[in-house]
Amino acid sequence: VYPKTKAILLSFADTPDYTNLQGFLYSESTHGGLNAQAAWAAGIRGEGVNLIDGEYGWNLNHRDAPLSISRNMGGTCEPTYGDCWDSFNHGTALVSIMAGSDNGLGVTGLAPNAEVYTLGFDPSTLIALVDDESALPRGSVIAVALGTFGQQSGLAGNDQVGGLPVEANTSYFRAFEYATAAGITIVAGAANGSVDLDNSNVYYPNQTNLSQNDSGSILVGASYGAVGGAQNLSSGPGRHIKPPNFNCGSRVNVFAWGGGIASAGYPNPTGSFNWTTVPGYADPPGNNPSDVDYPNGYFINNMGGTSAATAEIAGAATLVQSYAKRQLQYGASRYLMPLKIREILINSGVPQTDGGCNIGTQPRLDVAMRLVDQFITQANAQYPELTTGATLTDARKISLSQLGIGIVCQPPDIVNHQSRTVDPTCPDQNLWPTGNRIAKDMDFDGDGKADLVQWTPSTGSGRGGSWKIDLTTRGTT
């Protein structure tokens, strides 16, 4: 038995630690941030939660973004043309904001110990994953920082202006509904379209009006973030004010910093993402093509928009889920339902300060953990089975999920004759599905009546014997 230690790539060891340029990790009182440090101090860094970045491109080899080919659920692009360069920066940056490696170098994500995956995202892929619980466990968190064109798109000669959240497209909206109902938390960006989502004129006729429809996702807006951008990320509280280029509206639930975010990146020939020199901090050694770390030690500090905010909130949701799973004591089978996570994040937050078009509240993770504790205390009082291990009825399991706690109940693998770990509260029929209750009540034919069984051992020296079964459906008794 050996103590677990961290291995550091030698060429990466010269990269400075930029964590103190990530003001959103710090407390509201000192930096105007989400206070991931409070969760870290409680021993929570995303353990036990699958965190998925759903988009199109990533640098799977970046040394500060915990990605690998084996964890890519599918879909990527090659950085050899147009928008794909931006996609690589976008995906790599978002993963590092959510779960950048805690190695004392570069940047650190909010939930560095989460299980991180990448997903080439579209509605049919999401639905297929939801249907395969082994591929997408209940309680997972998916960040979707994608947008779509609205009726006012392109009016100002900018494809961002008039843009809408991707769930304005009904196929995405229905997929988000499906995933949320199944226990998958979707964190989606409100987009950078400079529009009020309560204005029906921003939607095409065949799109879903988000002011009137709620998929259950956590819809994320963005504030200015740090005062002065990257040069002053650690100089004081962020401004909780909505810039004019980010969307807003009654459907937007929460916001986070939308400017001056330090993150992992990928070199882009167009220069749309880069590193701005910060007084007192050395530039990343991997940002120069002559450096040994180039491009896998590349960093940027001008990431922003509702995409960056979405990554921050997805990391926060992961920390809340991780903390709740620990407090629920059966972390492998119990989790908070998406609407409960959304409620806790909203109620933990501080409001925007400009009083303008709504972008919700900015969560505080120290407050969110207290709200989790209060909720679990309430749930334990209403459902003593959670602490006694007594079996829930189907009706009580359903009402418990409506309250906000999901239970994973997997039936035994009848075909392969294998049991599965299940929560002690699981209803009886989840353990013994109809037609498979043989060892439970001797009902071989699934008609709800016990069948007569006789075993006669061999009378010889062998170990054989014979079964006789009298099925109740063959007679009148």
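Arg 342 is buried, with a relative accessible area of 12%; buried means under 20% relative accessible area, exposed means over 50%, and partly exposed lies in between (1.4 Å probe, protein chains only). The side chain of Arg 342 meets that of Asp 214 in a salt bridge, at 2.9 Å from N to O. A salt bridge here is a side-chain nitrogen of Lys or Arg within 4 Å of a carboxyl oxygen of Asp or Glu. Side chains of opposite charge can pair when their charged atoms come close.

Before going on, some notes on the model. This is a predicted model, in which local features need pLDDT of at least 70 and side-chain atom pairs count only at pLDDT 80 or more, while totals for chains, interfaces and linings use all residues. Residues are numbered from 1 along each chain as its sequence is written, and side-chain values use heavy atoms, with hydrogens and water left out.

The protein as a whole has twelve helices and 16 strands. Helices (H or I, at least four residues) and strands (E, at least two) are DSSP runs, numbered from the N terminus. Of its 477 residues, 51% count as buried. The accessible surface is about 20,500 Å², and carbon and sulfur atoms hold 51% of that surface; the areas come from the Shrake-Rupley method with a 1.4 Å probe, and for residues only the protein chains shown count as cover. Among contacts (heavy atoms within 4.5 Å) with a separation of 6 or more, 72% are between residues 24 or more positions apart.

The structure holds ten salt bridges. Which residue does Asp 214 pair with at 3.2 Å? The partner is Arg 251, and the distance is that between the closest N and O atoms. Asp 214 lies in the loop between β6 (185–189) and β7 (218–223), and Arg 251 in the loop between β7 and β8 (254–257), so this pair ties together parts that are 37 residues apart in sequence. Arg 251 is buried at 6% relative accessibility, whereas Asp 214 is partly exposed at 39%.

We now return to the pair from the opening. The salt bridge between Asp 214 and Arg 342 links distant parts of the chain: Asp 214 is in the loop between β6 and β7, and Arg 342 is in helix α7 (residues 338–348), 128 residues apart. Salt bridges that share partners join Glu 167, Asp 214, Arg 251 and Arg 342 into one network.

Another salt bridge joins Arg 138 and Glu 133, with the closest N and O atoms 3.9 Å apart. Arg 138 is buried, at 18% relative accessible area, and Glu 133 is partly exposed, at 28%.
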